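Biologist: Could you walk me through reading this one? I would like the general idea each time, and then the case at hand.

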Amino acid sequence: MKNPVNFLKSVRDEMKLVTWPTSKDISKYTNTVIVTVLLFAAFFAVVDFGVGELFDLIMSL
């Protein structure tokens with residue numbers, strides 16, 4: 001088993017090698033997620049409405 005202190009030093013060294021996103025990248029990714037979620041919500045709302053109307057039409061026959 002590895003020494004915990006050596007492990008934490010290795011973690012620190014590896015974290016220094018990580019390329020962190022800039023604030024511009026984070027804003028771009030956040031906007032992309034928000035737009036995607038809104039589009040999916042709108043799509044599923046339309047599908048839900050359509051299926052509900054279709055179900056009502058079938059039940060009224």
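Modeller: Happy to! Start with exposure: buried means under 20% relative accessible area, exposed over 50%, and partly exposed in between (1.4 Å probe, protein chains only). Aspartate 13, with a relative accessible area of 40%, is therefore partly exposed. Keep in mind that this is a predicted model, where local features need pLDDT of at least 70, side-chain atom pairs count only at pLDDT 80 or more, and totals for chains, interfaces and linings use all residues. Residues are numbered from 1 along each chain as its sequence is written, and side-chain values use heavy atoms, leaving out hydrogens and water.

Biologist: Which side chain meets aspartate 13 in a salt bridge?

Modeller: Side chains of opposite charge can pair when their charged atoms come close. The cut-off for a salt bridge is a side-chain nitrogen of Lys or Arg within 4 Å of a carboxyl oxygen of Asp or Glu. Here the partner of aspartate 13 is arginine 12, at 3.9 Å, N to O. Arginine 12 is partly exposed because its relative accessible area is 46%. The structure holds one salt bridge.

Biologist: What share of the 61 residues counts as buried?

Modeller: The share is 0%. For overall shape, take the radius of gyration over C-alpha atoms; the globule rule is 2.2 Å times the number of residues to the power 0.38. A compact globule of 61 residues would come near 10 Å, but this protein chain has 25 Å. Its C-alpha atoms fill a box of roughly 75 × 35 × 10 Å along the principal axes.
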